[in-house]
Amino acid sequence: MKRTLIPLMVFVVLAGFLFAGLSLNPRNLPSPLVGKTIPQFHLTQLKNTEASFSNADLAGKVTLVNAWASWCITCRQEHELLMTVIKKNEVPIYGINYKDERADAMAYLQQLGDPYVMNGHDLNGRAGIEWGIIATPESFVVDKRGIIRYKVNGAITIETWTKTIEPLIAQLNKEPG
Amino acid sequence: MRLLPVTLLLLWLPIAHAVVENKDIMPSDFTSTEQKLRFKELIKDLRCTVCQNQNLADSHASLAIDLRHQILEMMQKGKSDQEIMDFLVARYGDFVLYNPPFKQSTYLLWAIPFVALFFALWLLVRLIMKRQQQQPSPAGANNQALADALRNAGQSTPEDKHKK
């Protein structure tokens, strides 16, 4: 009796692991950058080619850094949310325009609206590598000391915004700079 | 109606084209054969984080091409393999390595195959010892049955010696 139960137990344990595996998203990789200081980067701005966007621009305030591109379909979906939340004036949004043609990116912002304080134009994706960007859109919540506190892979959903990002921003705003 | 799929394909074209092209590494980009071999060895053990089941050597993803450029540039600046891997791990995590490091979060990953092997060996040894303890062995009993059957048929086997 006991002996015949062993294969059944092995099966149940294995099935349990496989079932848990079904709901795991292999794309949702934990970023080693969370908890670390923002990487060094230096980009020319998208709209003003004379000016730059670098680490210094993110210093001393809570910010949301959003990597996007005009060729990225998911970014268009997320863009609606960014346009909505920017009206609440909770957090300034800075953009990294990832591997995009300047003209395409400008047309995108013209057409859909511009929620960004400024955008860095990362044509060759080098700043993207520094930020560990795998696929757009990706977003980072950065605190006053320039430490990445949270990262979203893929589009930010309304749920993620209200349940996680909004409370986090409120909390980070209370922290000393 | 047949125009619909064609139109859809044509619509895809500008999107497909919009992705910024980046020229891949050419053999002429290497300064020596030694460097080329080292580069090839290195990118074999690194994972493309976009197309997750391919390594950097095999992938044609735009990010993989960028990373190959990054790696070659770092090699040409005199960085060691370890420094290059550390650079990538710092940005993309251990996932970028095909050979995960042995640390707290990977104890189980590394230990399970060995634990399973020892468990299987232990089962095997136990089984063998159990078999040896059983006297007379089932195999002997079968031979006896066979011998009886053969004798009944008028034939002899070595087992018949003991009968006398």
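Strands β3(A) and β4(A) (residues 93–98) sit side by side in the parallel sense, joined by 5 bridges; strands count as paired if DSSP finds at least two bridges between them. Helices (H or I, at least four residues) and strands (E, at least two) are DSSP runs, numbered from the N terminus. This is a predicted model: local features need pLDDT of at least 70, side-chain atom pairs count only at pLDDT 80 or more, and totals for chains, interfaces and linings use all residues. Residues are numbered from 1 along each chain as its sequence is written, and chains are lettered from A and ligands numbered from 1 in the order in which they are written.

**Around β3**
- Leu64(A) has Ile93(A) as its bridge partner in β4(A).
- To get from β3(A) to β4(A), the chain passes through helix α2(A) (residues 73–86), a right-handed β-α-β crossover (clockwise from the first strand over the helix to the second, with the strands pointing away from the viewer).
- β3(A) also pairs with β6(A) (residues 138–142), this time antiparallel, over 5 bridges.

**Burial**
- In β3(A) (residues 63–68), 6 of 6 residues are buried, that is, 20 or more other C-beta atoms, placed from the backbone, lie within 10 Å of their own.
- Thr63(A), Val65(A) and Ala67(A) point one way, while Leu64(A), Asn66(A) and Trp68(A) point the other.
- Across the 177 residues of chain A, 34% are buried.

**Whole chain**
- Chain A has 5 helices and 7 strands.
- Its C-alpha atoms fill a box of roughly 80 × 40 × 30 Å along the principal axes.

Key
Buried ≥ 20, exposed ≤ 12 C-beta atoms within 10 Å, placed from the backbone.
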